[in-house]
Amino acid sequence: MSKTALITGITGQDGLYLAELLLAKGYEVHGIIRGQNNPKIDIVKMTVPDVILHTGDLTDMSSLIRALKASQPHEVYNLAAISFVAYSWENAHLTSEVTGMGVLNALEAVRLYEGTSGKQVRFYQASSSEMFGKVQAVPQNEDTLLWPRSPYGVAKVYGHYMTINYRESYGMHASSGILFNHESPRRGLEFVTRKISDGAVRIKLGLADALYLGNLDAKRDWGFAGDYVVAMWLMLQQEKPENFVISSNENHTVRDFAEIAFSRLDLDYKQYVKIDQRFVRPAEVDILLGDSTQARKKLGWVPKVSFRQLVEMMVDSDLATLKKKHNL
């Protein structure tokens, strides 16, 4: 019998890649979107036209319950969040409501749905490496102490522990994926990786003269979003729910990302990248490096796309897009 999945955050890069994966596996896929006039609806309909959409919001539990009753899912993937870290300082309350309390609403909605429907739903919570913040160990694994350094990170910690609490209190099949930075050509332009790939291409095409960035020495563990959604699915196929770190187990700086992106276009990043203090975080997370040993052993998950391949994929995509847009 085919399975049914419900995805919050269907309009984001992870939601789109996950929907494609599940549809390919024969799932009936439902997604929750905010508002009838959401401009991202067109992206979903164009990318994954077979997805059935429902109007809902993580801050409105009744809308989540309606979506659950309408879709009757076997699996729920909670990917929705206000996920741009810099924005979370400017809007800490809203970030906390959506990224933190929204998880509680989703868990409670699933719990109530299970009680009335008599069926168990497997729940996935999108936790984040930003929870480690001021890292207490390198590399970071499932047992590393969490020390978030942004309102976003704090909200993610709340959602993470609430997922664990519902698992332990109600016996729910609820798993958290502690995903380290994962990118793709579908990443929003507000994120530094896409800002770099898009900026480098604009300079190459004569559409810009410079690229302004913040801390070039910040170290991250980057992977491809298309690889990471496979890990999400694998977690919900396990007999017992757990927390899993999902990472490439490699460290690279923002400078490394810029160097590869510009070199892909036969440019020297040093000539074009400028430092702008406006893009430096109030409390910086200096180094994130994951240890995904548990996921590799228990899930059999291994990332396929390398760091260099990821950067070049994003640059090539932006080059094709901007050439077409500007008839170059």
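The model is predicted, so local features need pLDDT of at least 70 and side-chain atom pairs count only at pLDDT 80 or more, while totals for chains, interfaces and linings use all residues. Residues are numbered from 1 along each chain as its sequence is written, and side-chain values use heavy atoms, with hydrogens and water left out.

Strand β11 spans residues 243-246; strands (E, at least two residues) and helices (H or I, at least four) are DSSP runs numbered from the N terminus. On one side of β11 lie N243 and V245, on the other F244 and I246, and all are buried (under 20% relative accessible area, 1.4 Å probe, protein chains only). Strand β6 (residues 173-179) pairs with β11 in the parallel sense over four bridges, where pairing takes at least two DSSP bridges. The bridge partner of S176 in β11 is N243.

Turning to the helices, two packed helices are described by the angle between their axes and the distance between the axes. Helix α9 (residues 254-264) packs on helix α11 (residues 307-325) at about 55°, with axes 9 Å apart. The contact (heavy atoms within 4.5 Å) includes F257 and I260 of α9 and V311 and M314 of α11.

Helix α7 (residues 192-204) crosses α9 at roughly 30°, their axes coming within 9 Å. That makes α7 roughly parallel to α9, a word used for angles under 35 degrees. In this pair, V192, T193, I196, A200 and I203 of α7 meet V254, F257, A258, A261 and F262 of α9.

Methods: Buried means under 20% relative accessible area, exposed over 50%, partly exposed in between (1.4 Å probe, protein chains only). Axes are lines fitted to C-alpha atoms, for helices over the stretch in contact, and angles run from 0 to 180 degrees between N-to-C directions. Angles under 35 degrees count as roughly parallel, over 145 as roughly antiparallel, 65 to 115 as roughly perpendicular and the rest as oblique.
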